Amino acid sequence: MTASETEFETPPFETMLVDLLGRGIAVRFAASGDSMHPSIRNGEHVHVSPLASRPLRAGDVVLAQAARGITAHRIVRIARGAVITRGDNSRHRDAPVPHQSILGRITHVERDGATVAVPTVRHVRRALHSLSQLIRSLL
């Protein structure tokens, strides 16, 4: 095996997530990155449940096996054969991923020692609206 071939191997963590969720076992791990801020903050532990509990819906935060690797983003659209996601802290939608690339649903996060449900789209919009009003009042 050459060095270039090993660059494309699936990382062990990703393989383990796919395997466990595929067998119907929920997982918990520390998230990294800001793309879902403020819903999921860097370093918070996320809980992911297998998809069997209910069908996917726009607004669900899911764990997807995307081209760039495992990604936790919110579903913005479900199209025939594909799911389109976007991070709450991003202006742009992600490239569509096939339905079978959705591994699980983020159910809650651990924040400051408490278990917190992942905010819905409505809660995120309300928080952003309140923040923009506050900023306007200060200007």
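So, where is Asp 112 found? Asp 112 sits in the loop between S7 and strand S8 (114-117). Its phi is near 50 degrees, a positive value in a residue other than glycine. Asp 112 also counts as exposed, because its relative accessibility is 80%, and exposed here means over 50% relative accessible area, buried under 20%, and partly exposed in between, with a 1.4 Å probe and protein chains only.

Before I go on, a word on what you're looking at. This is a predicted model, where local features need pLDDT of at least 70 and side-chain atom pairs count only at pLDDT 80 or more, while totals for chains, interfaces and linings use all residues. Residues are numbered from 1 along each chain as its sequence is written, and side-chain values use heavy atoms, with hydrogens and water left out.

Okay, the overall layout. The protein chain has 3 helices and 8 strands; these are DSSP runs numbered from the N terminus, helices being H or I with at least four residues and strands being E with at least two. Starting at the N terminus, the order goes α-α-β-β-β-β-β-β-β-β-α. Of the 139 residues, 32% are buried. If we take contacts (heavy atoms within 4.5 Å) with a separation of 6 or more, 50% of them are between residues 24 or more positions apart. The chain exposes about 9,000 Å², and carbon and sulfur atoms supply 55% of that; the areas come from the Shrake-Rupley method with a 1.4 Å probe, and for residues only the protein chains shown count as cover.

Next, salt bridges. The structure holds 6 of them, each being a side-chain nitrogen of Lys or Arg within 4 Å of a carboxyl oxygen of Asp or Glu.

One pairs Arg 111 with Glu 44, at 2.4 Å from N to O. This pair links distant parts of the chain: Arg 111 is in strand S7 (residues 102-111) and Glu 44 is in the loop between S1 and strand S2 (45-49), 67 residues apart. Are these two buried or exposed? Arg 111 counts as buried because its relative accessibility is 13%, and Glu 44 is buried too, at 7%.

Another joins Asp 94 and Arg 68, at 3.6 Å from N to O. Again distant parts of the chain are linked, with Asp 94 in the loop between strand S5 (82-86) and strand S6 (97-98), and Arg 68 in the loop between strand S3 (61-66) and S4, 26 residues apart. Here Asp 94 is buried at 17%, whereas Arg 68 is exposed at 57%.

Then there's Arg 23 with Asp 19, whose closest N and O atoms are 3.0 Å apart. Arg 23 is exposed at 55%, and Asp 19 is partly exposed at 39%.

Back to the loop between S1 and S2 for a moment, which also holds Pro 38. A cis peptide bond joins His 37 to Pro 38, with omega about 10 degrees.

Last stop, the lining of the largest pocket. Its 17 residues divide into 9 nonpolar, 5 polar and 3 charged.

Technical notes
On a 1 Å grid over the protein atoms alone, a cavity is a set of points where a 1.4 Å probe fits but cannot get out, and a pocket is an open set with protein on both sides within 12 Å along at least five of seven lines; lining residues have an atom within 4 Å of a point. Ala, Val, Leu, Ile, Met, Phe, Trp, Tyr, Cys and Pro count as nonpolar, Asp, Glu, Lys and Arg as charged, and the others, Gly among them, as polar.
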